[in-house]
Amino acid sequence: MKVVYNRGLYLPEIDLWMDAKAPRSRSVISHAHADHIQRHDSIIATPATARLFEHRIGKTRSLLLDFHETSDFTDFKLTFYPAGHCLGSAQTLIEYRGERVLYTGDFKLRAGLSCEPPEIIPCDILIMDTTFGRPHYLFPKDEEVRDELYREIDRAFMNAMQPVVFAYSLGKGQEALQILLRGGYSVALHESVMKIVDIYREMGIEFDGDYRRLDPSDTDGLVVMLPPGSRRGELMKTFRCPYTIYLSGWGMDPRARYRYQTHLVLPLSDHAGFDDLERYVIDSGAKRVYTLYGDDYFASHLRQMGIPAEHLHGEGGPFRKPSKGKGSEKSVAQPSLFDLIE
Ligand SMILES: [Zn+2]
């Protein structure tokens with residue numbers, strides 16, 4: 001099957017857009033992160049993604065499909081499988097003329113605490129997110145990151161500092177909240193994170209422990225959680241002596257804390273690392289691979305392994321220089337873009 005990238009993924013033989021970045025009459029939405037949603041006339045999504053989409057962009061005509069439920073279109077079949085990236089995040093399997101085409105969307109293979117556990121889906125053609133497709137992105141176990149987060153927060157409290165954790169409001173924020181509550185901490189959440197926690201609860205995810213909406217004048221003994229964009233905002237000035245911790249897979253890069261201007265960046269990622277990307281390709285049995293995000297490195301690595309692979313599109317990493325010319329989509333030097341990616 002022909003696979004095209006043109007401001008979104010497109011399968012011309014069946015006229016199907018997936019995560020289209022310009023408004024289309026119909027698009028699959030793999031998950032509700034800002035860089036994957038647009039005002040389309042209609043969307044195909046899981047119920048949780050459609051609910052989050054509505055929260056962020058507004059209501060639209062939706063074909064809702066639960067995980068593992070196959071929808072029969074006239075010339076192809078479509079099934080969603082969990083991607084483990086945030087609540088409702090889906091991998092999309094297209095079956096067309098005996099061929100299985102699998103689009104992972106953003107995904108990870110480590111099972112988290114706040115969304116559906118991911119699966120590896122056997123396929124012929126694999127279109128995958130390779131945001132972290134370079135060999136030094138070997139993420140530590142989530143348990144190790146959790147322990148380090150607890151140690152750093154305890155250290156901040158011992159030094160009479162205010163721990164402030166930065167986590168993207170959808171996905172990372174809820175995962176971080178589960179981690180903090182299991183560690184016995186009381187947490188004050190920025191409104192944007194809290195609103196999505198409420199939607200998670202609506203969709204059946206429970207958060208046990210002491211958490212509340214942030215009141216900046218009353219944070220004694222609380223871990224404060226904010227979206228990454230607040231790093232440079234007025235809100236930060238209200239904390240007397242903040243100790244700032246950013247949760248992101250980019251924390252594997254030693255320069256990350258300078259880039260993000262926080263005391264620490266801990267590599268809690270909602271994407272697959274290099275080893276899990278390799279594992280997906282091998283275990284899925286894919287005969288051909290297309291990569292999205294990151295750069296050409298992972299595709300060329302696969303070609304060296306004898307697997308036909310092509311890099312379709314990449315927005316680079318956060319430490320790259322901006323690309324020249326027009327096309328805001330490829331302007332990678334804006335930190336705000338990388339606040340969106342995770
Ligand atoms: Zn995402």
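In this predicted model, the C-alpha centres of domain 1 and domain 2 are separated by 27 Å. The domain assignment places residues 4–137 and 270–341 of the protein chain in domain 1, and residues 142–266 in domain 2. Domain 1 gives 21 residues to the contact, and domain 2 gives 21 residues. On the domain 1 side, the largest share comes from helix α1 (residues 47–56), with four residues. By class, that side of domain 1 has ten nonpolar, seven polar and four charged residues.

Helix α1 lies across β5 (42–45) and β6, and runs at about 140 degrees to β5. Ala48, Thr49, Ala50, Arg51, Leu52 and Phe53 of α1 are buried. The elements that cover these buried residues include β5, β6, β9 and α4. After α1 comes Gly58, which has a positive phi near 120 degrees.

**Strands**

An open sheet is formed by six strands in the order β1-β2-β3-β4-β5-β6, with mixed pairing. β1 (4–5) and β6 (61–64) each have a single partner strand and stand at the edges, so one side of each has no neighbour in the sheet. A hairpin of four residues joins β7 to β8.

**Helices α3 and α4**

Helix α3 (residues 172–182) packs against helix α4 (residues 191–202) at an angle of about 80 degrees, and their axes are 9 Å apart. Angles from 65 to 115 degrees count as roughly perpendicular, and α3 and α4 are therefore roughly perpendicular to each other. On α3 the contact is made by Gly173, Gln174 and Leu177, and on α4 by Val193, Ile196, Val197 and Tyr200. These contact residues divide into five nonpolar, two polar and no charged.

**Phe107**

Phe107 is placed in the loop between β10 (99–103) and β11 (125–129). Is Phe107 buried or exposed? A residue is buried if 20 or more other C-beta atoms lie within 10 Å of its own. Phe107 has 28 C-beta neighbours inside 10 Å and therefore counts as buried.

Leaving out residues up to four places away in sequence, Phe107 touches Ala83, Gly84, His85, Gln91, Pro118, Asp129 and Ala272. Between Phe107 and Glu152, the separation is 45 residues in sequence and 28 Å in space, taken from C-alpha to C-alpha.

Methods
Residues numbered from 1 in each chain as written. Predicted model: local features only at pLDDT ≥ 70, side-chain atom pairs only at ≥ 80, totals over all residues. Domains from an automatic or database assignment. Contact = placed C-beta atoms within 7 Å. Helix = DSSP H or I, 4+ residues; strand = E, 2+ residues; numbered from the N terminus. Nonpolar A, V, L, I, M, F, W, Y, C, P; charged D, E, K, R; others polar. Pairing = 2+ DSSP bridges. Axes fitted to C-alpha atoms, helices over the stretch in contact; angles between N-to-C directions. Parallel < 35°, antiparallel > 145°, perpendicular 65-115°, else oblique. Buried ≥ 20, exposed ≤ 12 C-beta atoms within 10 Å, placed from the backbone.
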